[in-house]
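Trainee: I would like to learn how to read aromatic pairs and sheets in a model of this kind. Could we go through one together, feature by feature?

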Amino acid sequence: MSANKQEDRKGASNWREFFWNPRTHEVMGRTASSWGLILLFYLVFYLFLAGMFALTMYIMLLTLDDYKPTWQDRLTTPGMMIRPKGDQLEITFSPSDVQSWNGFVQNLDGFLSPYNDSQQVQMNDNCLPDKYFIQEDSGEVKNNPKRSCQFNRTMLEECSGNTDRLYGYSQGQPCVLIKLNRVIGMFPGKDGQSPFVTCGAKMEDSDKIGPLAYFPSNGSFNLMYYPYYGKKAQVNYTQPLVAVKFLNASLNTDINVECKVNSNTLAAGSERDKFAGRVSFKLRINK
């Protein structure tokens with residue numbers, strides 16, 4: 001029993017000496033000078049790492065432009081999107097049921113509010129159509145902010161929400177807006193030919209879609225809205241739109257619609273990337 005107590009006292013004494021040894025003046029096995037040297041080493045080491053990180057970040061920031069990305073990794077053909085989007089790119093409604101399409105109308109109203117003619121006249125230029133609106137910098141002098149061309153809401157005619165504030169949904173002739181995703185520096189056409197949109201039904205629904213109307217009448221994204229210089233450089237940029245109106249789509253059936261952009265410079269979308277230059281959605285008009 002006494003032997004166990006002696007071993008316990010010896011173990012406790014060893015622990016006390018580990019934390020502070022009065023004979024050698026060591027703390028946790030090191031003298032004060034030893035602790036000072038090792039702390040100095042780690043201080044210098046981590047200051048060196050912090051300095052290397054700061055220098056690397058500084059050099060990287062010198063390569064960046066506030067107005068234009070230094071590196072761009074993008075598709076050769078931009079994606080497309082529709083408004084209103086609905087749930088999972090589905091537009092389902094009944095003309096007689098206001099609640100079924102009221103959300104679509106509100107979505108279009110909010111989306112088109114920056115396109116009001118009065119606002120466009122104040123912010124943007126009245127540009128020459130069918131010609132790129134190029135605004136190059138003058139050497140080191142940045143031509144910022146860059147100007148933008150007007151896209152007036154009235155250009156969408158029957159789908160502008162002006163002549164028909166319900167965008168045809170109450171009559172079973174819905175309007176769908178189409179836009180190309182923004183890509184800095186993209187030139188989507190040549191020889192004065194603007195890219196244009198065509199829509200159609202998938203093969204099994206080809207007899208259900210009925211006639212379509214496009215606004216502007218040629219369904220094009222005019223060249224004067226390109227190139228796009230970036231959100232910060234071109235603060236008032238307004239994306240061009242194309243509206244498609246379904247004039248006599250079949251009722252009480254799902255119609256799988258695909259819209260795509262046609263251009264003499266942009267590559268057609270492939271099966272590997274089904275969203276490049278095209279968008280698919282389902283339309284259903286219930287009676």
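Mentor: Let us begin with a single side chain, bearing in mind that this is a predicted model: Y169 has a relative accessible area of 0%, and because buried means under 20%, Y169 is buried.

Trainee: Which ring pairs with that of Y169, and how is the geometry of the pair to be read?

Mentor: In general, a pair of aromatic rings is described by the distance of the centres and the angle of the planes. Here the ring of Y169 pairs with that of F104, with the centres 5.8 Å apart and the planes at 40°, so the pair is tilted. The two residues come from distant parts of the chain, 65 residues apart, with F104 in helix α3 and Y169 in the loop between α4 (117-123) and β3. F104 is itself buried, at a relative accessible area of 12%.

Trainee: How many aromatic pairs does a search of the whole structure find?

Mentor: The search finds 12 aromatic pairs. One of them joins F41 and F45, whose ring centres are 6.1 Å apart and whose planes stand at 10°, so this pair is stacked. Both residues belong to helix α2 (residues 32-62), where they are four residues apart, which is about one turn of the helix. Ring pairs also link F41 and F45 with Y42 and Y46 into a cluster. As for accessibility, F45 counts as partly exposed, with a relative value of 35%.

Trainee: Where does the charged end of K146 sit?

Mentor: The charged end of K146 sits over the ring of Y229, at 4.8 Å from the centre of that ring.

Trainee: Turning to the sheet, in what order do the strands lie, and which of them stand at the edges?

Mentor: Four strands make up an open sheet, with antiparallel pairing and the order β1-β3-β6-β5. The edges are taken by β1 (80-83) and β5 (212-215), each of which has a single partner strand, so one side of each is left without a neighbour in the sheet. On average, and with direction ignored, neighbouring strands of this sheet are turned by 25° against each other.

Trainee: What can be said of the pairing between β3 and β6?

Mentor: Strand β3 (residues 175-180) pairs with strand β6 (residues 242-246) in the antiparallel sense, over four bridges, and C175 stands opposite K245 in β6. Helix α3 (residues 98-112), which carries F104, lies across β1 and β3 and runs at about 40° to β3.

Terms used. Residues numbered from 1 in each chain as written. Predicted model: local features only at pLDDT ≥ 70, side-chain atom pairs only at ≥ 80, totals over all residues. Heavy atoms only, no water. Pairing = 2+ DSSP bridges. Axes fitted to C-alpha atoms, helices over the stretch in contact; angles between N-to-C directions. Contact = heavy atoms within 4.5 Å. Phe/Tyr/Trp six-rings, centres within 6.5 Å; stacked < 30°, edge-to-face > 60°. Buried < 20%, exposed > 50% of the residue type's maximum accessible area, 1.4 Å probe, protein only. Lys NZ or Arg CZ within 6 Å of the ring centre and 35° of its normal.
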